[in-house]
Amino acid sequence: MANKLTLSLSPHVHNNDSVQKNMYGVLIALIPAFWASLLIFGIGALVVTLTSVVACVFFEWAITKYILKRERTTVTDGSAILTGVLLAFNLPSNLPVWIIVIGALAAIGIGKMTFGGLGCNPLNPALVGRVFLLISFPVQMTSWPRPGQWVAYLNAETGATPLALMKQAIKAHDPSVLKELPGSLGLLIGLPENYQSGVGSLGEICGVALLLGFAYLLWRKIISWHIPVAIFVTVFVFSGLMNLYDPSAFAAPWYHLFTGGLMLGAIFMATDYVTSPMTHKGMLIYGVGIGFLTVLIRLFGAYPEGMSFAILIMNVFTPLINTYCKPKRFGEVLKK
C-alpha cells in the first residue's frame with residue numbers, strides 16, 4: 001500500500017517557490033553588501049569570502065558523501081554557499097585562510113551536518129562557525145583592518161570598532177571616548193573618509209547595502225518583517241532608555257542600530273527558516289528576545305558585540321516558542 005502522507009523536515013515553503021530558490025534569493029540580497037565590502041576592504045574581502053564559500057561547499061559535499069554515505073549531496077541547494085557567505089561577512093578582512101577553513105568546518109560539520117543537514121540543525125550554522133572562531137582565536141578575530149586598504153591583506157593596519165569604543169566608555173566611565181565614534185552618515189554608508197574610527201567585519205560596515213537587501217527580501221516575500229523589526233525596535237528602546245539614564249556612559253540608540261552585526265544578524269541570520277519560529281507571534285517574541293539580549297551583552301557582558309550569542313540563545317528557545325505559539329486548530333472547541 002502506497003504512503004498517503006509525505007513527511008519532510010523544515011524549512012517548509014507553501015507557494016510556488018522552492019527552498020533552493022529562496023536560498024539563492026537571499027544570496028542575491030547579499031550582493032550589495034558584498035560589493036560594499038569589496039569597495040571598502042578590497043582584496044581581503046574577496047579572499048575571505050571565496051575561501052569561506054569554497055570551504056563550506058567542500059565540507060558539506062565531503063561529509064555527505066563519505067561520512068553520512070548519502071547518494072545525493074545537497075551542495076546545489078544553495079544552503080552551503082549561503083552559510084559560507086554569512087560566515088565570511090562575520091569575519092575580519094585580514095583573517096588567515098587556515099582559520100577561515102577551520103571556521104567553515106565548524107559551521108558545516110558541527111553546526112549543520114552533525115544534526116543531519118539542512119532542516120535538522122537547531123542553531124544557525126554560520127554563527128556556530130563564527131562563535132567557534134571567536135572563542136578559539138580571539139586575537140585574530142578581534143583585529144579589525146581599517147577601511148581603504150584595498151591591496152593590504154594580512155599586514156593591514158587595524159583599529160578599534162565603534163562597539164569597542166562604546167564598551168571602553170562604559171568600563172572607564174569616560175564620556176570623552178564616545179566623542180571618537182564616527183558620525184551617523186559614516187556608520188550608515190561605510191565610506192572610509194567618514195569611517196576612520198569605525199571598523200568591523202565584512203558584512204556589517206555598510207548599513208545602506210544591508211537595508212537594500214532587506215527591501216529585496218521583503219519584496220520577494222522570502223522573509224517577513226516581524227523578526228528584523230522586532231529586533232530593531234527592542235534595541236532602539238532598550239539602548240535609548242540606558243542613554244537617557246546615563247548619556248555619559250551609554251551611547252545613543254542609533255549607534256547600536258548602525259554598528260556591529262545588528263543589521264546583518266537581524267535581516268539575514270535571525271530570519272533563518274530552520275532556526276526561527278513559524279508563527280508571526282512567535283517571531284515577535286523571538287525578535288524581542290534577540291534585541292534585549294544583544295543590548296544586555298553589549299552593555300554589561302564581556303564581549304563588545306552580543307548579536308551572535310543572542311541569536312544562538314534564542315535559537316535554543318525556538319522549539320519552546322513554537323510550542324506555545326501554535327496556530328489555532330481548525331474545528332477546535334474552546335473551553336468556556
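Buried means under 20% relative accessible area, exposed means over 50%, and partly exposed lies in between (1.4 Å probe, protein chains only). The model is predicted, so local features need pLDDT of at least 70 and side-chain atom pairs count only at pLDDT 80 or more, while totals for chains, interfaces and linings use all residues. Residues are numbered from 1 along each chain as its sequence is written, and side-chain values use heavy atoms, with hydrogens and water left out.

**Whole chain**

Start with everything selected. The chain has 15 helices and two strands; these are DSSP runs numbered from the N terminus, with helices as H or I of at least four residues and strands as E of at least two. Of the 336 residues, 54% count as buried. The accessible surface (Shrake-Rupley method, 1.4 Å probe, only the protein chains shown counting as cover for residues) comes to about 16,200 Å², and 68% of that belongs to carbon and sulfur atoms. Contact means heavy atoms within 4.5 Å. Among contacts between residues at least 6 apart in sequence, 73% join residues at least 24 apart.

**Helix 15**

Select residues 307–324. At 1.5 Å times one less than the number of residues, the 18 residues of this helix should span 26 Å, and the end C-alpha atoms are 24 Å apart, which agrees. Now go to F317, where helix 15 has a kink of about 45 degrees, shortly before the proline P319. The bend at a residue is the angle between axes fitted to the seven residues ending there and the seven starting there.

Colour the buried residues of helix 15: M307, S308, F309, A310, I311, L312, M314, N315, T318, I321 and N322. Their cover includes helix 6 (125–136), helix 11 (226–245), helix 13 and helix 14.

Y324 also lies in helix 15. At 65% relative accessibility, Y324 counts as exposed. Its C-alpha atom is separated by 8.2 Å from that of G282, 42 residues apart along the chain.

**A270**

Next, select A270, found in the loop between helix 13 (262–269) and helix 14 (280–300). A270 counts as buried because its relative accessibility is 0%. Leaving aside neighbours within four places in sequence, A270 is in contact with I227, I231, G265, S276, Y286, I290 and I311.

**Nonpolar cores**

A nonpolar core is a set of buried Ala, Val, Leu, Ile, Met, Phe, Trp, Tyr and Cys residues joined through side-chain atoms within 4.5 Å. The largest has 82 residues, and those with the most contacts inside it are I231, F268 and I290. A second, separate core of eleven residues includes L163, L178, L181 and Y255. Show F268 and what surrounds it: apart from neighbours within four places in sequence, F268 is in contact with V26, A29, L30, L86, L210, G213, L217 and M263.

**E60**

Move to E60 in helix 3 (residues 43–67). Is E60 buried or exposed? E60 counts as buried, because its relative accessibility is 0%. Not counting residues up to four places away in sequence, E60 touches T74, V75, S79, A80, I108, K112 and M113.

**Cysteines**

Finish with C120 and C206. C120 is partly exposed, with a relative accessible area of 28%, while C206 counts as buried at 11% relative accessibility. With a disulfide taken as a pair of cysteine sulfur atoms within 2.5 Å, the count comes to zero disulfides.
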